[in-house]
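Open the model in your viewer and keep the selection tool at hand.

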Amino acid sequence: INAEYMGHKDQKDIYYITGESRKAIQNAPFLEGFKKKGIEVIFMTDAIDEYVVSKFKEFDEKKLIPVTKEGIELPKNEEDQKKWDEVKKQNEELLKIIKDILGDKVEKVVCSDRLVKSPCCLVTGEFGWSANMERIMKAQALRDNSMSTFMVSKKTLEINPEHPIVSELKKKAEQDKNDKTLKDLVCLLFDTALLSSGFSLEDPSSFAQRIHRMVKLGLSIDVDDEQEEKEDLPPLEEEDNKGEEGEGQSNMESID
């Protein structure tokens, strides 16, 4: 960042994103809304960048804002803001249902206007580590695990209410919020959001098995031929819901 660079910019703030490499972050879901509105974001790919930007919050009287943190709303005019407020209100029930399904995996679930092509992403709190800092700290040979527990903040799931996947989830939730397929899809979306947002999976095996079930569904594989394998699959819902069975289950529900 230098004075010459800042001199011809109309942006009120300086946005940045840190990551392992340019290739790893250039297509990150956090950037979609910024690209659409033509807002510039600085790429920081050196490990030292993560430490440096955390020590100062402004440059040339402009705030330094990480696009991977929560609380970012892109600039809107008054009419667009009213429309956005209405969209958030319409999705309040869906946000609550998703939070109930994910439980303590996320601190909260909110609507996001930074997403365009992606259905969801995961962001961290203002004072917690970013996904990139978590990666750096996990690679430290003499890391302090107690400090890691303290600094790893709860994640916030941001959803794109205008994405077709989210729209269909909303319809499904309105029909039956205890639908097994709904729960399976929400868990799968959460796992993919972990990966696309730069985090690592806590349980790669369960994620792989969910993907395999989706592949079976796409190939119209009869579940009855896979009974033995079905018994080894991890449960996708709470113990008190295991006995629930509804009429008209979909193929995916049968696989679950």
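A contact here means heavy atoms within 4.5 Å. The model is a predicted one. Of the contacts in the chain with a separation of 6 or more, 75% are between residues 24 or more positions apart.

**Whole chain**

Start with everything selected and colour by secondary structure: the chain has 13 helices and seven strands. Of its 256 residues, 42% count as buried. Switch to a surface view next; the chain exposes about 15,600 Å², and 49% of that area is supplied by carbon and sulfur atoms.

Select residues 14-18 and 62-66, which are strands β1 and β4. The two run parallel and are joined by three bridges. Show I14 and look across to β4, where its bridge partner is L64.

The order is β2-β1-β4-β3 in an open sheet with mixed pairing. Which strands stand at the edges? They are β2 (41-44) and β3 (58-59); each has a single partner strand, so one side of each is left without a neighbour in the sheet.

I48 sits in helix α4, residues 47-53. Is I48 buried or exposed? Its relative accessible area is 51%, and the exposed class begins over 50%, so I48 counts as exposed.

**The largest nonpolar core**

Hide the surface and select I98, L122, L157 and I159. Among the 30 residues of the largest nonpolar core, these four touch the most other members. To see where the core is drawn from, colour the elements that give it two or more residues: helices α5 (78-90), α6 (92-102), α9 (164-175) and α10 (180-196), with strands β5 (108-111), β6 (120-124) and β7 (155-159). Which element gives the largest share of this core? It is α10, with eight residues.

Centre the view on I98 and show its surroundings. Leaving aside residues up to four places away in sequence, I98 touches V109, L157, I159 and V186. Two of these contacts, L157 and I159, were in the previous selection.

Methods. Residues numbered from 1 in each chain as written. Predicted model: local features only at pLDDT ≥ 70, side-chain atom pairs only at ≥ 80, totals over all residues. Heavy atoms only, no water. Core = buried A, V, L, I, M, F, W, Y, C linked by side-chain atoms within 4.5 Å. Buried < 20%, exposed > 50% of the residue type's maximum accessible area, 1.4 Å probe, protein only. Helix = DSSP H or I, 4+ residues; strand = E, 2+ residues; numbered from the N terminus. Areas by Shrake-Rupley, 256 points an atom, 1.4 Å probe, with all protein chains shown as cover. Pairing = 2+ DSSP bridges.
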